[in-house]
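Please read the numbered points alongside the display.

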Amino acid sequence: MFVIEKNIPMTIGKKLYPFDLMEVGDSFFVPGTTPKAMTYPLAAYQKRNASTKFTTRSVDGGVRLWRVV
């Protein structure tokens, strides 16, 4: 059985990647992942911010992501 509650504020999750803080030419490293794994987070961000563009490259130990536009 579930208890239905009213007026409970929804928590706001912490953003995992610093896309909003980046300027053109900035980059960051994501350890232990692949460019393919970054596809969804990038697509979701770019859907809300169509004027931005990013590129990713595999590097030793993970992925580096650059803002290019």
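Does proline 31 count as buried or exposed, and what is its relative accessibility?

1. The model under review is predicted. In this model, proline 31 has a relative accessibility of 56%. Because the cut-off for exposed is over 50%, proline 31 counts as exposed.

2. Proline 31 belongs to strand E1, which covers residues 27-31. Apart from neighbours within four places in sequence, proline 31 makes contact with Gly61 and Gly62. Threonine 52, by comparison, is 21 residues away in sequence, and the C-alpha atoms of proline 31 and threonine 52 lie 23 Å apart.

3. The sheet is open and consists of 3 strands, ordered E1-E3-E2 with antiparallel pairing. E1 and strand E2 (54-59) are the edge strands; each has a single partner strand, so one side of each has no neighbour in the sheet. From one strand to the next, the twist averages 25°.

4. The antiparallel pairing of E2 with E3 runs over 6 bridges. Within the sheet, phenylalanine 54 is placed opposite arginine 67 of E3.

5. In soluble globular proteins, nonpolar side chains tend to be buried together. Here the largest nonpolar core contains 10 residues, among them Phe19, Met22, Phe28, Tyr45, Phe54 and Leu65. Two or more residues of this core come from each of E1, helix H1 (39-48) and strand E3 (62-67).

6. Not counting residues up to four places away in sequence, methionine 22 touches Ser27, Phe28, Phe54, Leu65, Trp66 and Arg67.

Note on methods:
Residues are numbered from 1 along each chain as its sequence is written. This is a predicted model: local features need pLDDT of at least 70, side-chain atom pairs count only at pLDDT 80 or more; totals for chains, interfaces and linings use all residues. Side-chain values use heavy atoms; hydrogens and water are left out. Helices (H or I, at least four residues) and strands (E, at least two) are DSSP runs, numbered from the N terminus. Buried means under 20% relative accessible area, exposed over 50%, partly exposed in between (1.4 Å probe, protein chains only). Contact means heavy atoms within 4.5 Å. A nonpolar core is a set of buried Ala, Val, Leu, Ile, Met, Phe, Trp, Tyr and Cys residues joined through side-chain atoms within 4.5 Å. Two strands pair if DSSP finds at least two bridges between them. Axes are lines fitted to C-alpha atoms, for helices over the stretch in contact, and angles run from 0 to 180 degrees between N-to-C directions.
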